[in-house]
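Dear colleague,

Please find below the structure that I am handing over to you. My notes on what was found in it follow.

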Amino acid sequence: MARNQTSKSNIHVVNLSTYNKPKVVEDKRKDWVAYGEDNNYYQYLIDLFTGSTTQNAIINGISNLIYGKGLDALDSSSKTDEYAALKSIFSNNCLRKVSLDLKLLGEASFQVLYKDGRVFKSEHFPRQTLRAEKCNEEGEIEAYYYFHDWGKIKPNSKPKRIAAFGFGNGREPEVKIIKKYVSGYDYYCPVDYQGALCYAELESEVADYLINDVKSGFSGTKIINFNNGVPDREKQLQVKNEVLNKLTGARGEKVIVAFNNNADAKTTIDDVPLNDAPAHYEYLSNECSNKLMVAHRITSPLLLGIRSGNNGLGNNADEIKTASLLFQNITIKPYQDLIIDAIDDILAVNGISLKLYFKTLQPLEFIETDNAITDEAREEETGVKLSKEEDFDDEELLKELEAFGESEDELLENGWELFDERAVDYDQEEALDKMLSLASVVPSRANAKSDLDGESESGKKYLVRYQYAPLAVSNNSRDFCKKMVARSKIYRKEDLNKESRANSELAAKGESSYNIFLYKGGANCHHFWLRKTYIFKGGIKPDPNSPNAKPSYKSEKAKEGIKDPSLTDEPSIVSQRPIDRKDRGYKNPRK
């Protein structure tokens, strides 16, 4: 609020403050760069957040959606140590505060604490308490200055210098700033709702006016005339303040005090009534709300629990779903990516790399996936972590396979070497068994784990096993596939090529059993079975760098009396990844 006064007038006029864009001010006498004319622009944003109803609801809603249900990792089950380190470094409370600061102030900050050259803790640091140090010759900000309240800083105050992330000595605390790039702003990042700040201020002023009007009993403007002469200015202010203290509330000036030479020269005020005042204020309120929602890119106010106009919970479900998808992708996810990038930079100091994502608050039915959620858990796209109930069938099948799985490392240590490996071609399986001459000496069930194990024509002992391949997963891999790859076990054919009621969620529609040998991880799976043949070398521990540990050449197999079968023109269902088939692995393809 600014007061304009003239020496020739006894009338005191109160004007509403005007909105100005933030100014970045460099002062040669100071080491830090001011943000705003009074170096307190962040406090201005905070005041609007607390003073504007719509602004408060929007920022709280968006910050809650950014944090969601917390931070998680796609590879949390395979990188348990790294995941545990993540949880110990970043607390949930810290991430909630960072999410709010990033939306409210346009920036957020972590304080990074070191021990023995490694990060042991990262905490939220209030962004409004920091000011950037002037850039070095390379245009980099090497440090930030901390002061608890920049609005109360004095000339003799000495803000504390804190090194920016990557510019410390590896022992002192550092500050990691989270912000997006905005052209023309090297030191600070304006908020993304910059254009609507005037509407937040207007809504706040209208609310203050209406509250003051109610407190004053809806009375009109009062005029008090003193007709016994005009005292000096100091006396005028003294009398005015005494009257105001007795007759008005804490807000505003509903009483005008005028000083006149006589009754004939008394001050007169003409009322300018506002026609249809309720409709006018309703228009201002709606205009502020609409402009604020546009500035914050809100596709539907219902997503934040805001009801506007006649829009209620009975809106078309498809429209709400579409609005939810758009809002998540164009508004929420960019904020989440900024935070995740900053966390990745901090974790990289400790050599930790995780596939991070924020678990979503969105209803599951609002999330678009390529397949049904019961068919494949798309954690990164959906932000949904499968519950134990949803994982139950996977666990049943994995437990069933665990009883049959063998460790390849243990097999190699006991004198076996990998002699041949190839992607399984179901049409060639029987031919392979015969051409390997494994049936010449068939071991008893007491001495072998598979009917395919035996001896070649040259007397070499063989084992035939199958491994889930490739030993790699993508962000969108099913939880079942991730666990199979993590285990990296080898299996007998008898334990795979059979119907199982476990993992029935991956079975064809209407069926309760499932053949993992034929369908791997189900429709659209990117994995296949690798047939691996091992030759016994008389108990000598094999060299892992030996060429025998790689697929053997035809000449090598010929020495052992093994022949290569000719490839068929059309690969079988087993030799292909489900994703490569025309039916994409669906037993009953959709029409």
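Which residues form one aromatic cluster? The cluster consists of Y35, Y41, Y42, Y44 and Y188. Please bear in mind that this is a predicted model.

Confidence. The protein chain has a mean pLDDT of 74, with 64% of its residues at 70 or more. In residues 386–393 the pLDDT is below 50, and this stretch has 10 contacts in the model beyond near neighbours in sequence. The pLDDT is also below 50 over residues 435–448, a stretch for which the model shows 30 contacts beyond near neighbours in sequence.

Aromatic pairs. Across the whole structure, 15 aromatic pairs were found. One of them is the stacked pair of Y35 and Y188, at 4.5 Å centre to centre and with 20 degrees between the planes. Y35 belongs to strand β4 and Y188 to the loop between β11 and α5, so this pair ties together parts that are 153 residues apart in sequence. Y35 and Y188 are both buried. F517 and W529 form a tilted pair, because their ring centres are 6.5 Å apart and their planes stand at 35 degrees. F517 is in helix α15 and W529 in strand β19, so the parts tied together here are 12 residues apart in sequence. Both of these residues, F517 and W529, are buried.

Cysteines. The search of the whole structure returned zero disulfides. For C198, the closest cysteine sulfur is that of C288, at 8.4 Å, which is too far for a bond. C198 is partly exposed, with 33% relative accessibility. C481 is likewise in no disulfide, and the nearest cysteine sulfur, in C525, is 3.8 Å away. C481 is buried, its relative accessible area being 2%.

Yours sincerely

Conventions: Residues are numbered from 1 along each chain as its sequence is written. This is a predicted model: local features need pLDDT of at least 70, side-chain atom pairs count only at pLDDT 80 or more; totals for chains, interfaces and linings use all residues. Side-chain values use heavy atoms; hydrogens and water are left out. A disulfide is a pair of cysteine sulfur atoms within 2.5 Å. Buried means under 20% relative accessible area, exposed over 50%, partly exposed in between (1.4 Å probe, protein chains only). pLDDT is the predictor's confidence in each residue, from 0 to 100. Contact means heavy atoms within 4.5 Å. Rings of Phe, Tyr and Trp (its six-membered ring) pair if their centres lie within 6.5 Å; planes under 30 degrees apart count as stacked, over 60 as edge-to-face and the rest as tilted. Helices (H or I, at least four residues) and strands (E, at least two) are DSSP runs, numbered from the N terminus.
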